[in-house]
Amino acid sequence: MPLKGRDMIDMSDPRVAQIGHPAPPWLVNYADLMTELVCFFVILYALSAALNKDVQKAKKDVEETMKEEKIQGEVKVSKEGMQITLEEKGENVFFESGSSELSPRMEEIMAKLAPILQTLVKAHHEVVVEGHTDDVPISNPRFPSNWELSTARATSVVQYMIHALKFPPPSLAAIGYGQFHPLVANDTPEHRSMNRRVVFFVKNPPPTFKPGTEKKKDEVAPAPGTASPDTAAVAPAATGPPAEAGSAEPTASGTSQDVSNPIPQEPTSRPADVQPGEVVVSP
């Protein structure tokens, strides 16, 4: 039987929470606000590359170049960077069948895209060249599979960018994916030509940090008016002939002190007017 006491709501009432106490009404609106703020910042992070003016200008220039040269493909911008996909369609043959050597047409395309990519490289972007093939198997002494063929083609593009187009080597990389990242099914010759492609992935530069802007935690600044340990003055050495070992030099009190033993020795005798047990206070 449901429990019910004086001035209490019945436990079977839907207004009574089954576990704990009901949340205050304002918490619903507060939770919605927090969710919307999280979504807002996630969208800003995802559009960080799109908000980059250099990347936006490069995307527009690449699209115009591809349109003028009648190159099939697409240009996409994401939070990681910009992706330029060049597909082999029609007369755009990038490599001969089963070869990794660039065709004259591919060299012309690279010459058109080089100024755009060089501008991004100067802005500390890295360019990763991806090689993709269709699913037609290949097996010869040079390329045992499409893995080696796609990697060799990407490397050939990188080598051409370094030697012929003067790209800095630290800003380039090559990756081969074989036939395992197709855009469409490899069921027709046209679809296979779409999957045989070269992709230029322009990565966003990482945040830069200038060393030396922060002090070390264990570094303590010297007090005002004192010299630091690195700039502490060194007392000039005394001039004159060096003292022989074991020789004595007069001290400020007129007594002699052994140079070889700089610790002053206690006097072995007491003054005549001082009795044992008396304390002598120096003036």
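The lining of the largest cavity is made up of four nonpolar, two polar and four charged residues, where Ala, Val, Leu, Ile, Met, Phe, Trp, Tyr, Cys and Pro count as nonpolar, Asp, Glu, Lys and Arg as charged, and the others, Gly among them, as polar. The model is a predicted one, in which local features need pLDDT of at least 70 and side-chain atom pairs count only at pLDDT 80 or more, while totals for chains, interfaces and linings use all residues. Residues are numbered from 1 along each chain as its sequence is written, and side-chain values use heavy atoms, with hydrogens and water left out.

A cavity is here a set of points, on a 1 Å grid over the protein atoms alone, where a 1.4 Å probe fits but cannot get out, and its lining residues have an atom within 4 Å of a point. By this rule one cavity of 30 Å³ or more is counted, and the largest cavity has a volume of about 60 Å³, a volume being the space filled by probe spheres set on the points, which are joined across faces, edges and corners. Among the residues that line the largest cavity are Glu88, Phe94, Phe95, His132, Arg153 and Arg196. At least two lining residues come from each of E3, H4 and E5, where helices (H or I, at least four residues) and strands (E, at least two) are DSSP runs numbered from the N terminus.

Arginine 196 also forms a salt bridge with aspartate 134, with the closest N and O atoms 2.7 Å apart; a salt bridge is a side-chain nitrogen of Lys or Arg within 4 Å of a carboxyl oxygen of Asp or Glu. Because arginine 196 lies in the loop between helix H5 (189-195) and E5 and aspartate 134 in the loop between E3 and H4, this pair ties together parts that are 62 residues apart in sequence. Aspartate 134 is buried at 8% relative accessibility, whereas arginine 196 is partly exposed at 25%, given that buried means under 20% relative accessible area, exposed over 50% and partly exposed in between (1.4 Å probe, protein chains only).

The salt bridges number nine by this rule. One of them joins the side chains of glutamate 69 and lysine 112 at 3.9 Å, N to O, and since glutamate 69 lies in the loop between H2 and strand E1 (72-77) and lysine 112 in helix H3, the pair ties together parts that are 43 residues apart in sequence.

The largest nonpolar core has 33 residues, of which Ile84, Leu86, Val157, Met161 and Phe200 touch the most other members; such a core is a set of buried Ala, Val, Leu, Ile, Met, Phe, Trp, Tyr and Cys residues joined through side-chain atoms within 4.5 Å. Helix H3 gives the most to this core, with nine residues. Not counting residues up to four places away in sequence, methionine 161 touches residues including Met110, Leu117, Val129 and Phe200, where contact means heavy atoms within 4.5 Å. Valine 127, in strand E3, is buried, with a relative accessible area of 1%.

Two residues other than glycine have a positive phi. Histidine 124, with a phi of about 70°, is placed in the loop between H3 and E3 and is exposed, with a relative accessible area of 61%. Lysine 166, whose phi is near 65°, is placed in the loop between H4 and strand E4 (172-176) and is likewise exposed, at 65%.

Definitions and conventions
On a 1 Å grid over the protein atoms alone, a cavity is a set of points where a 1.4 Å probe fits but cannot get out, and a pocket is an open set with protein on both sides within 12 Å along at least five of seven lines; lining residues have an atom within 4 Å of a point.
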